[in-house]
Amino acid sequence: MTHGRRADSYTPRPDGGGPRDTAARYALLPLRLFLGVTFVYAGLDKLTDSAFLKDSGAGSIGDMMRAVRDSSAIPALVDMALESPVGFGYAIAFGELAVGIGTLIGLLTRIAALGGALISLSLWLTVSWAAEPYYYGNDLPYLMAWTPLILAGAPLLSVDAALRARRRRGTL
């Protein structure tokens with residue numbers, strides 16, 4: 001048995017240019033793109049669906065909220081939405097759109113990710129709470145997917161990174 005250095009261990013290069021370093025720097029980019037595109041799509045889908053933005057009727061936000069009211073974790077949250085279902089529908093749609101755009105371009109990314117997490121949390125506690133088993137509901141995985149972006153932001157290929165670089169150079 002030897003106690004030397006393992007040949008297969010990883011030592012980062014001092015210039016940060018090794019393949020593992022590059023992969024680590026870009027690790028959150030696929031998640032950011034997926035969540036950003038998905039939330040932009042979800043917001044646009046709601047805004048362009050004439051049935052969704054109605055108080056009642058097939059496919060409306062009002063009927064959906066009434067259908068999940070008794071099975072949600074927080075019925076009072078659904079009751080608030082039911083005070084103005086169309087307003088709530090617009091709020092969710094524009095919220096998803098803002099979160100998606102902010103995430104895609106990397107502008108105020110941590111705040112956008114927090115917004116995405118809050119939207120996912122509210123949908124999990126209301127719309128998908130009754131999914132059984134729990135992992136059939138998609139809002140809980142979305143909530144968890146936002147967590148790394150809340151913690152790390154968008155360190156590369158983002159408006160946030162460009163603004164940070166300008167501040168360091170003293171040109172902002």
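What follows is a walk through the fold, the nonpolar cores, the aromatic pairs and a surface patch of this predicted model.

Start with the overall layout. The chain is built from eight helices, with zero strands, so the pattern read along the sequence is simply α-α-α-α-α-α-α-α. Of the 172 residues, 34% count as buried. Looking at contacts with a separation of 6 or more, 64% come from residues 24 or more positions apart. The accessible surface of the chain comes to about 10500 Å², and carbon and sulfur atoms account for 65% of that.

Now to the inside. The largest nonpolar core holds 15 residues, and those with the most contacts inside it are Leu35, Phe39, Val99, Ile119, Trp146 and Leu149. Three elements, helix H2 (29-48), helix H6 (109-126) and helix H7 (139-152), each give two or more residues to this core. Ile119 makes a handy landmark here: leaving aside residues up to four places away in sequence, Ile119 touches Phe39, Gly95, Glu96 and Val99. There is also a second, separate core of seven residues, and Phe52, Leu53, Met65 and Val78 are among them. As background, nonpolar side chains in soluble globular proteins tend to be buried together.

The aromatic residues come next. A search of the whole structure turns up seven aromatic pairs. One of these is Phe34 with Tyr142, a stacked pair at 6.1 Å centre to centre and with 10° between the planes. This pair links distant parts of the chain, since Phe34 sits in helix H2 and Tyr142 in helix H7, 108 residues apart. Phe39 and Trp146 have already come up among the residues with the most contacts inside the largest core.

Finally, the surface. Ile101, Ile105, Leu107, Leu108, Ile111 and Val159 form a nonpolar patch there, with about 510 Å² of accessible area together. Ile105, one of these residues, is found in helix H5 (residues 85-105). Ile105 has a relative accessible area of 40%, so Ile105 is partly exposed. Patch residues need over 30% relative accessible area, which means that Ile105, at 40%, clears that cut-off.

How values were computed
Residues numbered from 1 in each chain as written. Predicted model: local features only at pLDDT ≥ 70, side-chain atom pairs only at ≥ 80, totals over all residues. Heavy atoms only, no water. Core = buried A, V, L, I, M, F, W, Y, C linked by side-chain atoms within 4.5 Å. Buried < 20%, exposed > 50% of the residue type's maximum accessible area, 1.4 Å probe, protein only. Helix = DSSP H or I, 4+ residues; strand = E, 2+ residues; numbered from the N terminus. Contact = heavy atoms within 4.5 Å. Areas by Shrake-Rupley, 256 points an atom, 1.4 Å probe, with all protein chains shown as cover. Patch = residues over 30% accessible without salt bridge, like charges linked within 9 Å, V, L, I, M, F, W, Y side chains within 5 Å. Salt bridge = Lys/Arg side-chain N within 4 Å of Asp/Glu carboxyl O. Phe/Tyr/Trp six-rings, centres within 6.5 Å; stacked < 30°, edge-to-face > 60°.
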